[in-house]
Amino acid sequence: MKFKVKTSDFQKAISSVEGVITVREIKSILSNIKVEAEDGKVFLSATDLEISIKTSVSADTLEPGMTSIPAKQLSNTFKTINFPEALIAHNPDAEGTVSTIITDSEKKKDFKMNINGIEGEEIKTISKVDDSLVVDFPCFTISEMIKKTSYSVALEDTRFVFNGLYVTSSEGKISFVGTDGRRLAKIDRVIPNSLPFSKGVIIPHKAIKEIMKMIDSNESGKIGIVENQIYLKIGNVELLCKLIDGNYPDYEAVIPKESKNSVRINKDELQVALRQALIAAEEPSRQIRMTFSENLLHINSST
């Protein structure tokens, strides 16, 4: 394998996939980024066996091939490179060690990085997806819905269904629900296409974090269910993730159908007051007391 690539483009591609790699993984195949060079393109992918991410970048492919390189070393190398185009080449030796060499393609800088990796065939990520399995969706709408519900998702609850966002869709409407058992956030939006979530799916919070990185700078993407996994393609980045198995609780039962009291308040002023009150709110609950009287809200906290 041998190719030339713009260092800035390659660094962006690395950043797109390295977030899926678990920090605790040390010298494991799951710590590596798979690099595949084809005619005019280089594909980068990574997986933690639950989530797989794949992206591509334009390149001058001199020799097609495949390898896998430790993500941390590869990322750190390209963060410090100070030349515009890199030459990346590798050749496995007789003992099976894959050595990847990174140099300045124009040979103006005296730089050489040699990184030992593993053969790329050992990493299984995302294969080609049938277009009939995916539909278009608006990135801005989904991004808004995630931001307004994901904070309520539990991170490491023994009740696994609480560790993800519940998504359901029917008749042009989509709903996102997040809860950790103490608080609950729900949002509904109308969308142009019916998404394939009529039975409801639970997307893990780690996948939600990666999805937010993908959709922030795009207008639309494709989404679907592939082999009982959620699949997204936004721009040149693809994500495939296992869903959380289990029955989500009946959240509608705990949402009040009506309220006897209603208060209209300035959002920005309330945010400032809450931040001030939280200074003295005790961990882990960080509770505050809100007392309402005529034209006045009193917020109190203490340790």
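Biologist: Why does isoleucine 265 count as partly exposed?

Modeller: This is a predicted model, so the values are computed from its atoms. Isoleucine 265 has 42% relative accessibility. Buried means under 20% and exposed means over 50%. The value lies in between, so isoleucine 265 is partly exposed.

Biologist: Where is the place of isoleucine 265?

Modeller: Isoleucine 265 is in the loop between strand E17 (237-242) and helix H5 (267-278).

Biologist: What makes Val263, Ile265, Met290 and Phe292 a nonpolar patch?

Modeller: A patch takes residues with over 30% relative accessible area and no salt bridge, and joins nonpolar side chains within 5 Å. Ile265, at 42%, clears that area cut-off. Together the four residues have about 380 Å² of accessible area on the surface.

Biologist: Why is alanine 13 called buried?

Modeller: Its relative accessibility is 5%. The limit for buried is under 20%, so alanine 13 counts as buried. Alanine 13 sits in helix H1.

Biologist: Which residues is alanine 13 in contact with, leaving aside neighbours within four places in sequence?

Modeller: Leu44, Thr55 and Val57. Contact here requires heavy atoms within 4.5 Å.

Biologist: What is the strand order of the open sheet?

Modeller: The sheet has 8 strands in the order E6-E2-E3-E4-E17-E16-E15-E10, with antiparallel pairing.

Biologist: What makes E6 and E10 edge strands?

Modeller: Strand E6 (65-70) and strand E10 (134-138) each have a single partner strand, so one side of each lacks a neighbour in the sheet. On average, neighbouring strands of this sheet are turned by 20 degrees against each other, direction ignored.

Biologist: How do you know that E10 and E15 pair?

Modeller: Pairing needs at least two bridges. E10 and strand E15 (residues 220-226) have 5 bridges, in the antiparallel sense. In one of them, phenylalanine 137 is partnered by glycine 221 in E15.

Biologist: Which strands does helix H1 touch as it packs on the sheet?

Modeller: Helix H1 (residues 7-18) touches strand E2 (32-38), strand E3 (41-47), strand E4 (51-58) and E17. The direction of H1 makes about 170 degrees with that of E4.

Biologist: Which strands does helix H4 lie across?

Modeller: Helix H4 (residues 205-215) lies across E4, E10, strand E16 (229-234) and E17, and runs at about 165 degrees to E17.

Note on methods: Residues are numbered from 1 along each chain as its sequence is written. This is a predicted model: local features need pLDDT of at least 70, side-chain atom pairs count only at pLDDT 80 or more; totals for chains, interfaces and linings use all residues. Side-chain values use heavy atoms; hydrogens and water are left out. Patches are made of residues with over 30% relative accessible area and no salt bridge: like charges are joined within 9 Å, nonpolar side chains (Val, Leu, Ile, Met, Phe, Trp, Tyr) within 5 Å. Accessible areas come from the Shrake-Rupley method with a 1.4 Å probe; for residues, only the protein chains shown count as cover. A salt bridge is a side-chain nitrogen of Lys or Arg within 4 Å of a carboxyl oxygen of Asp or Glu. Helices (H or I, at least four residues) and strands (E, at least two) are DSSP runs, numbered from the N terminus. Buried means under 20% relative accessible area, exposed over 50%, partly exposed in between (1.4 Å probe, protein chains only). Axes are lines fitted to C-alpha atoms, for helices over the stretch in contact, and angles run from 0 to 180 degrees between N-to-C directions.
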